[in-house]
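Colleague: I have a model open on my screen and would like to learn how to read it. Could you walk me through a few features, beginning with a sheet?

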Amino acid sequence: MQHRRIASEYTGARSARGFSIIELMVAVAISLLLLTGVGAIFVSSKTSYETNERFSRIEENGRFALDAIMTDLRSSGFVGCARQPTYLSTSLNSAATLQWNFLAGPVTGFQSTGTSTWSPTMDASIASPLSGSDVLVARVPMRERVAYPLTANLGAATNSLQIAAGSANGVQTGDIALVYSCEAISVFQVSTYTQGTGVIAHAANAAGQTPGNANNTVNYSYRQAVTNVVPIETVAYYIAPATRVSDATDPAPAGTTSLWRRRGLNAAEELVEGIEQMQVQYGVDTNGDVIVDSYLTADQVQAANQWNDVISVSVALLVRSIETYGTDTDQRAYTLLDVNVAAPADRRLREVFTATASIRNRVRVN
């Protein structure tokens, strides 16, 4: 009995021994394989997330930039019901300059023709536009302002205009304004607006105003029943270096560019970062059937003197991510309307956004 008990204890001791070194190595290898798979999935998910986040930012910037441009294009060339006015006049000084030439057409622009060169010659009011990108100019009613009807016949063309007393969100002192009926349109600068009485004056060369009125007449005797007055402005869109002036602790990466907008004499405002290039073409109606006959660049429209025949505008934007990422370089070439952009060969993501807007004030049928 003693011998059997000793044998049994010996057998139990052998059965309770640990894993062999081979078994441990196999277990470690399997664990490492599983961990490698989990790590690869994590890295892949993180890369996909960051890529999608960058594309989302690109799409957000591109859509916002196009929406701002399209909104102004659709409302450009506003003349009320005066589709073919008998009388067309401006009282402004310097009426042939870019910012004050409201009779030149609903839109104008500048075609990039080389390094720091544009055709027509770039206007001095547009500071430091990016070489290689076009510049677009639209003449529009001021946003968040409204047109008010006259409440009395004008009588003499040198008289002040009368709208309802207390009107607060229409013209203001110093605004460029458009007064229009179905027979005539006139552009002038508001020398004074008295909200309490609704009187809009248009004196010549009022002190401190630019460009000022060359004379104190609106050149037409407007009738109360069919006449309105609304503030208008010239808006320029262009590409220029980014600044991030609102956050000095986070400056824009070197080489970053933005879409900029300048309204009238106001300081240019940086709208959207990451807009790398803008190209523009203008749809021209040459026979008056309100159908685009050809899309031309700004220099071609200028050469043919056809700005007043433009009824639609196509805009293409090349938008890129702000930061570089990963190791792959962008080897794709991009086409923006009539312009081919060579592969950038950097580590940023890019996308092209294109839209066409009809100039509604030119294509509508009365």
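Colleague: In which order do the strands of the open sheet of three strands run?

Modeller: Here is the general idea: strands of a sheet pair through backbone hydrogen bonds, either parallel or antiparallel. In this predicted model, the order is S6-S10-S9, and the pairing is antiparallel. The edges are S6 (161-162) and S9 (192-194), each of which pairs on one side only.

Colleague: How many bridges join S6 and S10?

Modeller: Two bridges, in the antiparallel sense, with S10 covering residues 199-201.

Colleague: Let's step back to the whole chain. How many helices and strands does the chain have?

Modeller: There are four helices and 19 strands. Of the 366 residues, 42% count as buried. Take the contacts between residues at least 6 apart in sequence: 68% of these join residues at least 24 apart. The accessible surface is about 18,600 Å², and carbon and sulfur atoms account for 55% of that.

Colleague: If I select Val313, what is in contact with Val313 beyond its neighbours within four places in sequence?

Modeller: You will find Leu73, Val107 and Leu136, then Val280, Gln281 and Tyr282, and finally Ala355, Thr356, Ala357 and Ile359.

Colleague: One more residue, please. Is Ser321 buried or exposed?

Modeller: The way to decide is by relative accessible area, where buried means under 20%. Ser321 has 5%, so this serine counts as buried. Its place in the chain is the loop between S16 and strand S17 (334-336).

Colleague: And what does the side chain of Ser321 reach?

Modeller: The backbone oxygen of Glu323, at 3.2 Å. Leaving out residues up to four places away in sequence, Ser321 also touches Ile58, Arg348 and Leu349.

Technical notes
Residues are numbered from 1 along each chain as its sequence is written. This is a predicted model: local features need pLDDT of at least 70, side-chain atom pairs count only at pLDDT 80 or more; totals for chains, interfaces and linings use all residues. Side-chain values use heavy atoms; hydrogens and water are left out. Contact means heavy atoms within 4.5 Å. Buried means under 20% relative accessible area, exposed over 50%, partly exposed in between (1.4 Å probe, protein chains only). A polar contact is a pair of N or O atoms within 3.5 Å; within protein, one must be able to donate a hydrogen and the other to accept it, and residues adjacent in sequence count only if both atoms are side-chain atoms. Accessible areas come from the Shrake-Rupley method with a 1.4 Å probe; for residues, only the protein chains shown count as cover. Two strands pair if DSSP finds at least two bridges between them.
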